[in-house]
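Trainee: Could you show me how to read a helix in a protein model?
Mentor: Gladly, let's look together.

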Amino acid sequence: MADYAKDEARIREIVEQMFEAISWSADKAPDFTAFAAAVRKDALLAPSARPVSPTDIETFVGRMRGQYESGGMKTFDERANKTIVKVFGNLAVAIGSYRAQIDGGPIGRGANGFLLVRNDGDWQIAAMGWDSEGEDKPMPAELA
């Protein structure tokens, strides 16, 4: 019998680990390998920029690594806020809010959506997309 509570907890753990891994400061380097660990190599990533320009995990990590290594962003602090997970068999979806701060600037918020599949006994991200909160798109109450 499926243990959906255990699956939901594992998926929340994956999301939180990703945020922790991609954040950096003067005292802590990012861990891009850990960030990408749960993401399938063939996963589709859809960043918030429009028009949408889907990418893959290696390209996305390369962009973030470039920002870190060049000093384009001195600090990047991104944290999961609230994540809602729904699981059925080997399929799961998660949507969650996050907060982000770049170089000590204003704190922004946004939401991520994840499509996950169970493979080899653990969950892998098959697709993810995100968007930032703005005046024209406030955070839904259930994610705030």
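Trainee: Which helices and strands do the buried residues of H3 pack against?
Mentor: First, a word on the model. It is predicted, so local features need pLDDT of at least 70 and side-chain atom pairs count only at pLDDT 80 or more, while totals for chains, interfaces and linings use all residues. Residues are numbered from 1 along each chain as its sequence is written, and side-chain values use heavy atoms, with hydrogens and water left out. Now your question: the buried residues of H3 pack against helix H1 (4-22), helix H2 (32-36), strand E1 (39-46), strand E2 (76-88) and strand E5 (122-132). Helices (H or I, at least four residues) and strands (E, at least two) are DSSP runs, numbered from the N terminus; contact means heavy atoms within 4.5 Å.

Trainee: Which residues of H3 are buried?
Mentor: Buried means under 20% relative accessible area, exposed over 50%, and partly exposed in between (1.4 Å probe, protein chains only). In H3, Ile 57, Phe 60, Val 61 and Met 64 are buried. Seen down the axis of H3, these buried residues fall within an arc of 95°, so they line one face of the helix. The arc is that of the directions from the helix axis to the C-beta atoms.

Trainee: Which exposed residues does the face turned away from the buried side of H3 carry?
Mentor: That face carries Glu 58, Glu 69 and Ser 70.

Trainee: Is Ala 21 buried or exposed?
Mentor: Ala 21, which lies in helix H1, is buried, with a relative accessible area of 7%. Among the residues that Ala 21 touches are Pro 30 and Phe 35, not counting residues up to four places away in sequence.
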